[in-house]
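I opened this notebook to record what I looked up in one structure.

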Amino acid sequence: MQRRALLLSLGALAACGPKPLPPLPPAPRVTAPVDLIPSDLDVVVRLDLGRVKAALGAATVSTLAGEVLARGSAKQAADELLIASLLEADLVYLGYRPSRLGAPLDRVLALQGHFAQLMHPPDGFSGATDLGADVRYWDAKVRPPREGVARIYAFSDRLRAFSTEAEIDALELRLAGGGGARRLEPPAEGTLSFAARPALLARLAGNGILRDLLEGSKSLSAVADLESDGARLKAELVLESPDQATDLVSAGRLVLDKVLGDHASKLELRADAERVLLDARLSRNELLALFAQARGD
């Protein structure tokens, strides 16, 4: 009886003690940079930076990255870390919401490579928040402009991500395993590829049948593959019906002839069921001539 009473007393004391802490949430499971792109962004670009650096050299890539950042309205301490990260990256994904002029506004830049470990917080950023499994992030101490970097993520030494403020919540949702239903994913091929919501093209098409057809399309993707003497370009636009695809090819050829003149013959535009396919293999000189023609030079 005494032993039973003692056990009951110990049980009562344990019940009155502190409750055990709930288990920590699982660490984010991210295996590729595309996993870090939120679903609300309208354009996603994939760049095989390893192939670009092999062709152009790391110094050229660094110079180009610096020029791109210099064109932005906001100069941050994070810019130097971003350039350093690009030099260590092999694969780049950029998801963004474009402005009316097409420039990136809200965005997430995700990089895959072999990165030096961040031993100290980047200048202007808070101390690290540890999410477990060697995943950390740093927040900007001062609220940056809309296009500035507000949070930096590091996933061990494999992945890094740079996010503007507007995309932090959407990125957190991706890390929690949600928000993937509408996510764009460019083809995993070529030197450069992208996927975009076709409605963006409709904004550039003015008024008329071409805009109406583009607004009703379902998906848009493209691949550019750099070759030794030029580039191979492929694009695919999926519409709702074969008739719409045929109509869009007819309207698209008129636009290409008007914009590119004689160079339009280098681009093959055709309908395949409900898909519109664009295909071209261009030499370096032909590619430069097409760019010049499109810009009106």
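**Entry 1. Basis.** I noted that this is a predicted model, in which local features need pLDDT of at least 70 and side-chain atom pairs count only at pLDDT 80 or more, while totals for chains, interfaces and linings use all residues. Residues are numbered from 1 along each chain as its sequence is written, and side-chain values use heavy atoms, with hydrogens and water left out.

**Entry 2. Salt bridges overall.** I reminded myself that side chains of opposite charge can pair when their charged atoms come close. I took a salt bridge to be a side-chain nitrogen of Lys or Arg within 4 Å of a carboxyl oxygen of Asp or Glu. My search of the whole structure returned 17 salt bridges.

**Entry 3. D106 and R97.** I found a salt bridge between the side chains of D106 and R97, at 2.6 Å from N to O. D106 is buried, at 4%. I then asked which residues are linked in a network of salt bridges. They are D40, R97, D106, R146 and E167.

**Entry 4. D139 and R151.** I recorded a salt bridge between D139 and R151, whose closest N and O atoms are 2.6 Å apart. D139 belongs to strand β5 (residues 135-139) and R151 to strand β6 (residues 151-155), so this pair ties together parts 12 residues apart in sequence. Strands here are DSSP runs (E, at least two residues), numbered from the N terminus. Are the two partners buried or partly exposed? D139 is partly exposed, with a relative accessible area of 23%, whereas R151 is buried, at 9%.

**Entry 5. R275 and D272.** The side chains of R275 and D272 also meet in a salt bridge, at 2.6 Å from N to O. R275 is partly exposed at 27% relative accessibility, and D272 is partly exposed at 30%.

**Entry 6. Strands around β12.** I counted two strands as paired if DSSP finds at least two bridges between them. Strand β10 (residues 230-238) runs antiparallel to strand β12 (residues 275-283), and 9 bridges join them. Strand β11 (residues 268-272) is also antiparallel to β12, with 5 bridges. L278 in β12 stands opposite A235 and opposite L269.

**Entry 7. The turn.** I noted that β11 and β12 form a hairpin with 2 residues between them. A273, in the turn, has a positive phi of about 55 degrees.

How values were computed: Buried means under 20% relative accessible area, exposed over 50%, partly exposed in between (1.4 Å probe, protein chains only). Helices (H or I, at least four residues) and strands (E, at least two) are DSSP runs, numbered from the N terminus.
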